[in-house]
Amino acid sequence: MSTTSNEPASTEQAAKAEITIEQKETEGLSQGQIVRRRFFRHRAALISMFVLAFIVVLAFTSVGVDLWNIRIPGWWKYDWNQIPAKLNNGEPTLSLFPPAFGEHPFGQDEVGRDIFAVVMRGAQQSIMVMVIAGVVATVIGVVVGAIAGFYGKITDAVLMRFTDIIITIPLIVIGSVLGNTFGSLGAAVLGVVIGVFAWTTLARLVRGEFLSLREREFVDAARVSGARDRRIIFRHILPNAVGVIVVNATLLMAGAILLESALSFLGFGVQNPDTSLGKIISENQAAFATRPWLFWWPGVFIIAIALCVNFIGDGLRDAFDPRQKKMPSERAMARAGRAAGPVAPVVDTTPSTDAPSVTVAGEAIYTGDVVNYHDPRPEEPGDTQHKPLDPER
């Protein structure tokens, strides 16, 4: 007798449903579309992107832009260096219940400056340092890592030893020395200075990617076709390492804004008459016990910007990594299984060694689930001991 097993069928059906869902989601899509779809499914990254965009728009439109003697006014009525009369002892007028923005939503400092305008100007400078430092560090790190990983040998040894020398020097020490010298020139120059010394980690990661990618078949095909080294590096290998580059560029930007805030807090970052988020905290540290709102808002903006950039980097990592696959839900797998139709039951014809059997003509015949073997034929005449029936009979 044969037995029927539904467990292998259900396992095979679930695996088939999972493959079908994964294939249907990416069918007919380019690599860019697949990456974009995966990124938009990362809720934390998507929310962080909107929050960061809101902060950038709010900072650059509220108090306007003043860069290299180019002045574009904003919609907020106070400037960051304007000193209006004090109202309500400088306390914040922002209220949630009932909703009210007020004359000075973030309050006023000891001299009467509007903290909302000051924080918006500080956010502008910090964001500018973050973006410029991230771009400069990414360009230098990609170029150094790509050249070292592609050519190897002496070129790799020289570039990596130079990278090791830069790594051994603490970035906060370099930033303090150079920030004290170039901080008075503005946030843009400070961002370039930070980016020049923040590329080392990215260079080592790009080098590792190039060491593995340069041995692939498409690189050999490009060499055979007569492509130059520069074309192979920037047109063939670099697009395949874009995932590592993009993710680490966002991490560099998050680290740059924290470094700028630390340098400005120590007095080595952005200098007067300009300001930044770290400088605002440093200037008002003596009023922590009496006016805590002077610390709340710049601190909230520093944390919000850094967290948003980190979450966006996390989402980009999941989007670019092909090994990151989202397991389909039970409802999706059940829906895919119903669409595939019923699965025929699998018949298990393998004899079990524990099953009862009888020997007929020298061969073991398995009886399946039958425990009591009963022969309806009458016993032989004269069999009074009720011996077992002879199978040869």
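Buried means under 20% relative accessible area, exposed means over 50%, and partly exposed lies in between. Keep this scale at hand for the exercises below, which use a predicted model.

**Exercise 1.** Find the place of I147 and classify its accessibility.

*Solution.* Start with the secondary structure: I147 sits in helix α4, which spans residues 115-151. Next, take its relative accessibility of 33%, which makes I147 partly exposed.

**Exercise 2.** Work out how helices α8 and α11 are oriented to each other, and name the residues in contact.

*Solution.* Locate the helices first: α8 covers residues 200-213 and α11 covers residues 242-266. Their axes come within 10 Å and cross at roughly 170°. Angles over 145 degrees count as roughly antiparallel, and α8 and α11 are therefore roughly antiparallel to each other. On the α8 side, the contact is made by L202, L205, V206 and E209; α11 contributes V244, I245, N248 and L252.

**Exercise 3.** Decide whether S261 is buried or exposed, and list its contacts beyond four places in sequence.

*Solution.* S261 belongs to helix α11. Its relative accessibility is 8%, so S261 counts as buried. With neighbours within four places in sequence set aside, S261 contacts G278 and I302.

**Exercise 4.** Describe the backbone and accessibility of K153.

*Solution.* Begin with the backbone: K153 is not a glycine, yet it has a positive phi of about 55°. K153 lies in helix α5, residues 153-168. Its relative accessible area is 76%, so K153 is exposed.

Terms used:
Residues are numbered from 1 along each chain as its sequence is written. This is a predicted model: local features need pLDDT of at least 70, side-chain atom pairs count only at pLDDT 80 or more; totals for chains, interfaces and linings use all residues. Side-chain values use heavy atoms; hydrogens and water are left out. Helices (H or I, at least four residues) and strands (E, at least two) are DSSP runs, numbered from the N terminus. Buried means under 20% relative accessible area, exposed over 50%, partly exposed in between (1.4 Å probe, protein chains only). Axes are lines fitted to C-alpha atoms, for helices over the stretch in contact, and angles run from 0 to 180 degrees between N-to-C directions. Angles under 35 degrees count as roughly parallel, over 145 as roughly antiparallel, 65 to 115 as roughly perpendicular and the rest as oblique. Contact means heavy atoms within 4.5 Å.
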